[in-house]
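Subject: Structure for you to look at

Hi there,

I'm passing a structure on to you, as promised. Could you have a look at it and then read my notes below?

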Amino acid sequence: MINDRLENRRWVISALITVVVLVYIFRLFNLQIIETRYKQGAESNAFLRKTIFPPRGLIYDRNSKLLVYNKPAYDVALIMREIHDLDTLDFCKALNISKEFFDNRMLEIKDRKKNLGYSSYTPQVFMTQLNIEDVAAFQENLYKFPGFYIQNRTLREYTYPHGAHILGSIGEVSRRKLESDPYYKQGDYAGRDGVEFTYESALRGVKGVEILLRDSKGRIQGRYRDGEADEAPKAGTDLYLTLDIELQKIGEQLMNGKIGSAVAIEPSTGEILAMVSNPAFDPSLLVGRQRSANYAALVKDPTKPLMNRATQAQYSPGSTFKPIQALVLQQMGGIKEHTLYSCNGPASSPIKCSHSHGSPVGILNAIEQSCNPYFWSAFRAAIEKEGYGEKNLKFKSHYQEWVDAIKSFGIGRKFEDSDVFEQSSGNVPSQKYYNRYYGETGWRAMTIRSLSIGQGEVLVTPLQLANSMAAIANKGYYITPHLNANDTMQLRKHETLVDSAYFPIVIEGMWRVFEFGTGRRYKLPDISMCGKTGTVENNRGKDHSLFVGFAPRENPKIAIAVVVENAGFGATWAAPIASMMLEQYLKGKIERVELFNQIATSTTNPDVKTR
Amino acid sequence: MSKRDNIQYTLDWTTVVYYLLLVVMGWISIYGASYELDYEGSMLSFDQRAGKQFVWIITALALGGVVLLLDHRIFNYFAYVFYGVAIVLLIVTIFVAPDIKGSRSWIVIGPVSFQPAELAKMATALALAKFMSQYNYRIKAWKDMLPLAIIIFIPFVLILLQKETGSALVFMAFLLMFYREGMKGIVLLLGALAIVLFIVVIRFSIETIGNEQGSWGVVGAIAIIQLIQIIVPFSSHPHKKESLIFLGLSVLVIVASVIINKWYPVDYNYVAIGTSLVTAIYWAFTGILRRYPKLIAVAFISIGSLVFIYASDMIFNHVLEPHHQIRIKVLLNMEDDPTGAGYNVNQSKIAIGSGGLWGKGFLNGTQTKLKYVPEQDTDFIFCTVGEEHGFWGSALVLIIYWLLLMRIMKIGERQKESFHRVYAYSVASILFFHLMINVGMVLGIMPVIGIPLPFFSYGGSSLWGFTLLLFILLRLDASRLERSR
């Protein structure tokens, strides 16, 4: 029967159906069990991992005065795909931006070269760090601009307009940081300089994650498993600085209109009490929307306000080098207990003396009167004490001794174990340097005579200078200068290579500077103070005015270094500034109000913007 | 009334169970698919899709019950009438239907809208069954199929005019039933060959040989034909030697043209066509001279295929509209376009793939809840099953469909009347076609053709249509035990 044959076709059709069903089951197996990328696809589709930024740690000064805190700010974000029927003009009006800005910004966002992670599905930051006032009008009209959102974030706010160089600022993380530290994501903010940078990881806390469910149009539909899988953010740790904000403020006021810096350190602890660099700026300038404009203006300013002169500027110490010189030369034998050297005043050779005093002079007078010939003679005696020797080797070995001793005061290299941001190293010229310059045997004491009076190749930063004073105040050691009050820096004690027995006489000399010498006009009546002025020749005009010192003489509480660039005599500018900062710190207030006002309102450089 | 007359005893309850399983699973999936995260309502809330589907299910069951109570003979007697009514409805639809997402296939009466195309499948199945159950009708020659082709063609064209390409294509499913009823198997094979050739031509058409000297698509497709031209004659005894000679010649031509190409650029397309044509003509003459119809058929198919290859290339590049081209290209992995034409399929694969072995659990699917998958309660409903119930759930659904199809064919085979059998195979073919296209589309191995998954997808028209289709079969089947009155 024909039908019998056709009936068998039932099995062909059954086989066809079975094969299709099996193929589909196999396909399901492949999609659901073997392949893993679809599971990831689903996550990236539906999960919006919203970062919750922890509040950044607050910053206080040594007396627990609040310096830096957070205030709410707003970002305007957009999801390109959701934008429709946008009235651009209305939008620009609401945000108070120009049409050009809008167009440029949109192009920038879409440019994958500039905006690596661009996707039309994910939120992109359109404008960042707006104040509540900026965003209020926009918020009211938000319904008119589908695809745009407002995101919360925090901005730094400052209690005082001071200490910008120390505090530093935060800004969007750089690409390099993004690549080196997986913690950061594009658009995150991190400390860029100052303690904001140094203590970034403590201040920032730990970001949290909130997993939200996002529908195909990007709308948030709720929380994934009611927040079970969310991670709570950990708030940043508060930072207590060694800084005394009142002292910093007085320092900045005194430096107003001048170029230079002032650094104050507590000798017993190495805590930096003040670190003034002028021209300075209000730290709140580098916050929020105006940041880039203000930053650009600061960069352009010829007086370089962004530079922290306290740690980055390098000066010849000039006469302020003499106390250290006196210590090192005693240690090396160039100055003995009753050594006297003659001085012919301005007629001295090879280095003349700028002061008139009796001759011959001893160490106390030499420091008090800042006698150049004395130090030259002592310097030569110390490094030439065995002559030059074969191939100058004996001379050179004594020179090396001198270099090492000077360096042991923290001069000529960075404080590597310090939390102070961006230091310059200064310079104590090495043998190698002179060998290269003059040849192996081509230099002798005479060649490098400028070093004896702190001129020439020797360079220090104000921080190093202040630290060297702390070392003298401590009679032979210093603690690494630092800014974090809770840091156990006590352990980082650095002994100088000068025997403590040599210190009292130098301290006596420095005391005499205030009693009888160049600093006498600025002595506080009831405090015994030690100091040394310096008037440093330089190739950029008028002499730099320098002062170093510490007080009180017994049990010193504060060591200080002040540099006023191109201002003239050390005694005219740096000394009164230092004196008043000592007064502020030791007495808690300025009693010499007239002097204060006179210095604070004087300008040594017309380019400096007064504040 | 004896047991034989009581539908309760004559009804094929197995099928009903499969039907109910699918309908209920579909209903649950629709609830899952249209469930909003912050929605508190139940599966019976009528403002929601699941609640509406519940109404459709109840009414569909009522409809099925009514069908079961009718006299089975009216389906045979009024088969052409049903067909005629369906055709009229289809025509009317073209003129009165509003434009809904580009298709004009819905008749809207007040709050109810309804798609006559769903009814047309059932009506066409009845008409075909009626025609093919005529005394002495048998598919023997091509001319026997002409009336069948016309019965199919009319609704096919009318539905195409409604811009419902997917529903129109469903009418191709009847080929499977024709095969059961005697249509030559070669037709199905040729159909398969055409699909393979089309895919090869399109898939590799962009890959040119040498310096624009032909496309791997065309040459590859012709190579397939040439292989058929060699293997088929080789399998019939007297032509073994000649087949081998042609195999050798073909290889020789390939080698020769590659060598010649070193001095003179060769167009490989023409070389391939020439070789294939020469072979075909040789077989044609040999077939005629030695009276071997099989050889003539081979030659005929080869030449036809050559024409088809060129036509495919032409149609794809010059007739199809860009959005159709893109869909095919995405399917063939020629283009990766997860946000454009490939979006639906990509999202549906993600939804299914993320389900894993056991699924995320009822109402825990994120992809479907968050509306990543388009048309997730209608054409892409299978995604919800895949995401929320995982591999075991979706495989189970496929197995139930398989059991249902096998059951329907079994029912078909046990009928005494060819009207019943033809109708049963029509039902099986239609359901199979829907299953294959719909699930294949969701799994990304079929092009995106929007047709519902029977009994599963949301919608009154399609549920009613499929219920009618199936319950008419059940009614017919139930009558086989009835005493003739």
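Here are my notes, starting with the conventions and then going from the interface to single residues.

This is a predicted model, in which local features need pLDDT of at least 70 and side-chain atom pairs count only at pLDDT 80 or more, while totals for chains, interfaces and linings use all residues. Residues are numbered from 1 along each chain as its sequence is written, chains are lettered from A and ligands numbered from 1 in the order in which they are written, and side-chain values use heavy atoms, with hydrogens and water left out.

The interface

Chain A puts 36 residues into the contact and chain B 50, where contact means heavy atoms within 4.5 Å. Together the two chains bury about 3,900 Å², with 70% of that on carbon and sulfur atoms; buried area is the accessible area (1.4 Å probe) that two parts lose on being put together, summed over both. Across this interface of chain A and chain B there are zero salt bridges by the rule (a side-chain nitrogen of Lys or Arg within 4 Å of a carboxyl oxygen of Asp or Glu). The rule does find nine residue pairs in polar contact there, both residues being at pLDDT 80 or more. A polar contact is a pair of N or O atoms within 3.5 Å; within protein, one must be able to donate a hydrogen and the other to accept it, and residues adjacent in sequence count only if both atoms are side-chain atoms.

On the side of chain A that touches chain B, the elements giving two or more residues are helices H1 (2–7), H2 (9–34) and H3 (37–46) and strand E8 (208–214). Helices (H or I, at least four residues) and strands (E, at least two) are DSSP runs, numbered from the N terminus. H2(A) gives the most to that side, with 19 residues.

Salt bridges

Over all chains, the structure holds 36 salt bridges. In one of them, Asp181(A) pairs with Arg204(A), with the closest N and O atoms 3.9 Å apart. Asp181(A) sits in the loop between helix H8 (175–180) and strand E7 (189–191) of chain A and Arg204(A) in helix H10 (residues 200–204) of chain A, so the pair ties together parts that are 23 residues apart in sequence. Arg204(A) is buried at 18% relative accessibility, and Asp181(A) is partly exposed at 21%; buried means under 20% relative accessible area, exposed over 50%, and partly exposed in between (1.4 Å probe, protein chains only).

In chain B, Glu118(B) and Lys121(B) form a salt bridge with their closest N and O atoms 2.9 Å apart, and both residues are buried. They are three residues apart in helix H6 (residues 116–132) of chain B, so about one helical turn separates them. Chain A also has a network of salt bridges that links Glu368(A), Glu508(A), Arg512(A), Arg553(A) and Glu554(A).

Two buried serines

Ser452(A) lies in the loop between helix H18 (431–438) and helix H19 (462–473) of chain A and is buried, with 0% relative accessible area. A polar atom of the side chain of Ser452(A) is 2.6 Å from the backbone oxygen of Arg449(A). Beyond its neighbours within four places in sequence, Ser452(A) contacts Gln325(A), Ile351(A), Phe375(A), Trp376(A) and Phe379(A).

Ser579(A), in helix H21 (residues 574–587) of chain A, also counts as buried at 0% relative accessibility.

Best wishes
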